[in-house]
Amino acid sequence: MTPIIAFDGVSKWYGNVIGLNKLTLHIPAGVTGLLGPNGAGKSTLLQLATGQLRPSQGTVRVLGQDVWDNPALNRLVGLCPEQDAFYEWMTGHDFVRTCARLSGMSRPEATAAADRAMDQVGMTENMNRAIRGYSKGMRQRTKLAQALVHEPQVLFLDEPLTGTDPVARRDMIEVVRGLAAAGCSVLVSSHVLHEIQALTSRVVLLHRGRLVAEGNVREIRALIDKHPHRIVLVCDKFRDLAAKLSTCPDVDGIKFLDRESGLMVETRQPDTFYARLPALALADGVALREVYSEDDNLEAVFKYLVNK
Amino acid sequence: MTAVEVSPLRRGSSGALSALAALFMLTVRQHTHGRRVLVLGVLYLLPCVLALILRNLARPAPGDALELALVFVLLPHGLAPLTALLYAAGVVSDEVEEQTLTYLLLRSVPRWQLYLTKLLATWCVTTTLVACGVMTLYLAIYAGTPEFWNEALPRAGRTVVVMALAQVGYCSLFGFLGLFTRRSLLAGIVYIVAIEGVLANINFVGRALTVVYYVRTLTLRWLDLPPEELRTCKVTWSMDDLEKLPSSGECVLILLGVGLVVSVLSALSFARTEFRMKTPGSD
């Protein structure tokens, strides 16, 4: 397969800190997962690939073109950034429409494109509310909509599922699958293997700025399952939730969190557990607000891979 | 392996103009939202209130004295540069601080055009604010007097033009400052006090480096001040001999030219600068 995204001998330094270290990576069309613990260099890689940063060494090309200050290429590329930043005073629709206009669309085109993108991410109902009143899930959906609004050929998603509720998570996974089916190439980063696995079997593993491995997710999956998977669930009635979860055979342990109204679940069967989540989120009185996976387990796997 | 090469879709010049128009409007909306515009509105109202109070004392203050103090001193020395500083210094740094710059850098607007468009929008907003301030001040000083319609109002219009030119200089300078210094507000205030405040008042060749010098020259040349007020201005500003001052055309060219050069340099620098967006996982 020919590469859509090509990194050749790319290094990126921030002063004395190395963001990426001599990375050579060719990513073909389709959906690719970019996996690594926090600080692995995933965001640096995505910022380099979208032309926000210049490599200290090496070359980065997307669709065969240099990415730095290439506005023509930007019409073919979309990014859903990790940072939770918006023009808070705008409505969701206004924000996405403005992004469409910034991509060179006329007013009617931009309005139609924003309607379409908001519908695609399931935000039609709330698109005329101010962003400052949005939940985390709505904000993530809106960020995804702005990345889609100009119908890019290559989409970069930086931790798109972080902090979303299970329903938003499922919906966003469906959107990405739909995009892939429509021929859009997607590079999605995460520190949670399960999220990546739901989207693609092709993964790239980064650790401390280096390429650790790339290939089929199944090969590292076995390693992951040796380590308990830790998932944090945040909701108001977390004690009731704990009572419900304690009866589940796939739950190995439950720990209450001091810092927020939530609990941390340990499981060696994350697939089974995640499959149960949407139903749990909708169950009476539980109202899950946030789900995220701590990356300690992944860190352990990376240590293993690096030392192998 | 060979890379897949794709020719970008061409939207043509109308697409580029549409993107620039959207960026311009976005910047105007950013500037007119939030507390900054309210704070400045209050600051502009204070001298108006002061003028109204002084006009209504048992011995009212003369209009020309109020005009000199509030329109020709307070405005170009204080309010106008402060307005430019508050907006222009943050034209990029606010976007970086709020992490919204990503949304702009990833669109089809070349970086240098992005900076210049944002600066142009900033100039429009600050000039509008200053123009409103000038008109309100003239209204507060001269409303109800015989000279209001025939003298004060045309002078207010010409003052707006002079202040618009001043804003070209101030916005470009503070935009430049915002790109190169982290503490641009502090640096800007130091600049306003030391350069536009102190240096401009020293009768020395160095004052030709200040914006206020050209504002004063244009004030003397363009505003058709009453003879007594003109004499007071000349003495106060140590600009007795009009022959030795630059012509109106030179003043306009210098303000516009320097503004343009500084803005283009800033835009080129912006185009080459990396802006790393901090993520939750980054240091």
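**Exercises on a predicted model**

Helix α10 (residues 270-282) of chain A lies across β11, β12, β13 and β14 of chain A, and its direction makes about 165° with that of β14(A). The model is predicted, and the exercises below concern the sheet under this helix and the contacts of chain A with chain B.

**Exercise 1.** Determine in which order the strands of the open sheet stand, and why one side of β12 and of β14 of chain A is left without a neighbour.

*Solution.* Step one is the order: the 4 strands follow one another as β12-β13-β11-β14 (chain A), with antiparallel pairing. Step two concerns the edges: β12 (251-256) and β14 (288-293) of chain A each have a single partner strand, so one side of each lacks a neighbour in the sheet.

**Exercise 2.** State how many bridges join β11 to β14 of chain A, and which residue is the bridge partner of A:V232.

*Solution.* Strand β11 (residues 229-235) of chain A runs antiparallel to β14(A), and 5 bridges join the two. Within β14(A), A:Y292 is the partner of A:V232. Helix α9 (residues 238-245) of chain A also packs on the sheet, where it touches β11, β12 and β13 (262-267) of chain A; its direction is at about 20° to that of β13(A).

**Exercise 3.** Describe the side of chain A that touches chain B.

*Solution.* First, the count: 42 residues of chain A contact 41 residues of chain B. Next, the elements of chain A giving two or more residues to this side are β1 (3-14), β2 (17-28), α1 (42-49), α2 (71-74) and α3 (92-102). Finally, the residues of this side of chain A comprise 19 nonpolar, 17 polar and 6 charged.

Definitions and conventions: Residues numbered from 1 in each chain as written. Chains lettered and ligands numbered in written order. Predicted model: local features only at pLDDT ≥ 70, side-chain atom pairs only at ≥ 80, totals over all residues. Pairing = 2+ DSSP bridges. Contact = placed C-beta atoms within 7 Å. Axes fitted to C-alpha atoms, helices over the stretch in contact; angles between N-to-C directions. Nonpolar A, V, L, I, M, F, W, Y, C, P; charged D, E, K, R; others polar.
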